[in-house]
Amino acid sequence: MIPEQYLLYPYRMRFIVTGGMGFIGSHFVELLLENEHEILLIDKMTYAANPLNLSQEVQNQANFRKIDIADAISLNECVEKFGLVDCIVNFAAESHVDRSIKNSMPFIESNIKGTMNLLELLRNGGAKSMIQISTDEVYGSLDTGSWDEQSNLDPRSPYSASKASAEMMCNAYRNTYGVKVIVTRCANNFGPRQSVEKFIPLAITSIFNGNQIPIYGDGSNRREWVHVFDHCQAIYNLAMAEKSNHYIYNIGGKEFSNLNIAEIISKTTNKEHANIEFVTDRLGHDFRYSVNDERIRSEFGWKPKYDFESAIGETIDWYRSNPEWIKISQKQVKK
Ligand SMILES: NC(=O)c1ccc[n+]([C@@H]2O[C@H](COP(=O)([O-])OP(=O)(O)OC[C@H]3O[C@@H](n4cnc5c(N)ncnc54)[C@H](O)[C@@H]3O)[C@@H](O)[C@H]2O)c1
């Protein structure tokens, strides 16, 4: 429930959703359409965007345009045609840490330059507000306790450094030009439509194919996991708010080691034990992330509806029911 004093609804808002053909963005697009908002959906269609993520009908409803947010000319042309919007929600990003370790340049282009172009749109009056979808990874790694929104940033991979850089520009634009920007720092998401290169879909599809689940190092690295629907609801609450007391909001989840995750997924698919292959650890692999999300809970009444252990079964079922989607995703990640 969004507290009444904040609520703009039933105001029908006009949104730009970038990266809306990807994992989280596609669910957010559906949430907005369910609530009858108007959308300009922008996506570059990288390997991470599965064309089956949204039906043709939904793509039409959401005014999908294939555009790279790092290309200011095409972006501005497209947005100008659509007209003034209430809110830009920026999901568009290169999102895989391993790829950023191999080559960070696309991360600089999409995650930093792309965000800059959206901030320029905001500054020039093309939108009234913007929500920058950032990540808990900007805080770095911690052994115990949890980060709150005042904790120092210590990004340690090229991916998290690109996301932290984008945040810094958001802060600079907010401060310098007085534009309305909110930054969210969310934990790891799980749910339908996540690219098969990411840990949970990789574990699920490995089990389907009778392969071992590859796990970095000794599997003790710890992450928090939140269902993608809960993440989208948190962003929606922020988007529908006329005001907020802060401009950064953590969104947390339930903490597990990678080994725990492999065991839970295996048990849910009726395997007695996870069949694991320990592989050479990721360079500079952060040990643990954990965020304190009391701010968004108390201010916006948000709390997760989905518990990992009970919701993972439905996620597994979704992958089982969508072999065509998996085939496309597997082909795309090899590009
Ligand atoms: N998945 C998670 O667990 C998680 C957690 C916290 C934060 N985030 C953040 O949420 C956002 C969405 O993550 P996701 O998991 O859905 O990622 P994803 O990789 O599934 O989707 C990203 C989408 O952005 C598009 N894109 C990439 N570069 C673009 C560009 N230059 N112009 C236009 N579109 C572009 C891709 O085509 C893709 O559709 C990202 O910003 C990510 O940093 C993700």
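Okay, handedness first: a crossing is left-handed if the near helix is turned anticlockwise from the far one by less than a right angle, and right-handed if clockwise. With that in hand, the crossing of α7 and α11 is right-handed.

Some housekeeping. This is a predicted model, where local features need pLDDT of at least 70 and side-chain atom pairs count only at pLDDT 80 or more, while totals for chains, interfaces and linings use all residues. Residues are numbered from 1 along each chain as its sequence is written, and side-chain values use heavy atoms, with hydrogens and water left out.

Helix names come from DSSP runs, numbered from the N terminus (helices are H or I with at least four residues, strands are E with at least two).

So, back to that pair. Helix α7 is residues 199-208, helix α11 is residues 308-320, and they pack at an angle of about 60° with axes 11 Å apart. That makes α7 oblique to α11. On the cut-offs, under 35 degrees is roughly parallel, over 145 roughly antiparallel, 65 to 115 roughly perpendicular, and the rest oblique. The axes are lines fitted to C-alpha atoms, for helices over the stretch in contact, and angles run from 0 to 180 degrees between N-to-C directions.

Who touches whom? On the α7 side we have Ile200, Pro201, Ile204 and Phe208, and they meet Phe308, Ile312, Thr315, Ile316, Tyr319 and Arg320 of α11. Contact here is heavy atoms within 4.5 Å. By class, that's eight nonpolar residues, one polar and one charged. For the classes, Ala, Val, Leu, Ile, Met, Phe, Trp, Tyr, Cys and Pro are nonpolar, Asp, Glu, Lys and Arg are charged, and the others, Gly among them, are polar.

α7 has another partner, helix α9, residues 258-268, at about 40° with axes 10 Å apart. That makes α7 oblique to α9, and the crossing is right-handed. From α7 come Phe199, Ile200, Ala203, Ile204 and Ile207, and from α9 come Asn258, Ile261, Ile265 and Ser266. The tally is seven nonpolar, two polar and no charged residues.

Next pair: α1 and α8. Their axes come within 9 Å and cross at roughly 60°, and they are therefore oblique to each other. α1 passes α8 in a right-handed crossing. Phe23, Ile24, His27, Phe28, Leu31 and Leu32 of α1 meet residues of α8 including Phe229, Cys232 and Gln233.

On a 1 Å grid over the protein atoms alone, a cavity is a set of points where a 1.4 Å probe fits but cannot get out, and a pocket is an open set with protein on both sides within 12 Å along at least five of seven lines; lining residues have an atom within 4 Å of a point. Volume is the space filled by probe spheres set on the points, with points joined across faces, edges and corners.

The second largest pocket holds about 350 Å³. It has 15 lining residues, with Leu31, Phe229, Asp230, Gln233 and Lys305 nearest its centre. α1 (23-34) and α8 (228-239) are the elements giving two or more residues to that lining, and α8 has the largest share, five residues. The lining divides into six nonpolar, four polar and five charged.

How many cavities of 30 Å³ or more does the structure hold? One. The largest cavity has about 60 Å³ of space, and its lining includes Glu137, Arg223, Arg282 and Asp286. By class, that lining is three nonpolar, three polar and four charged.
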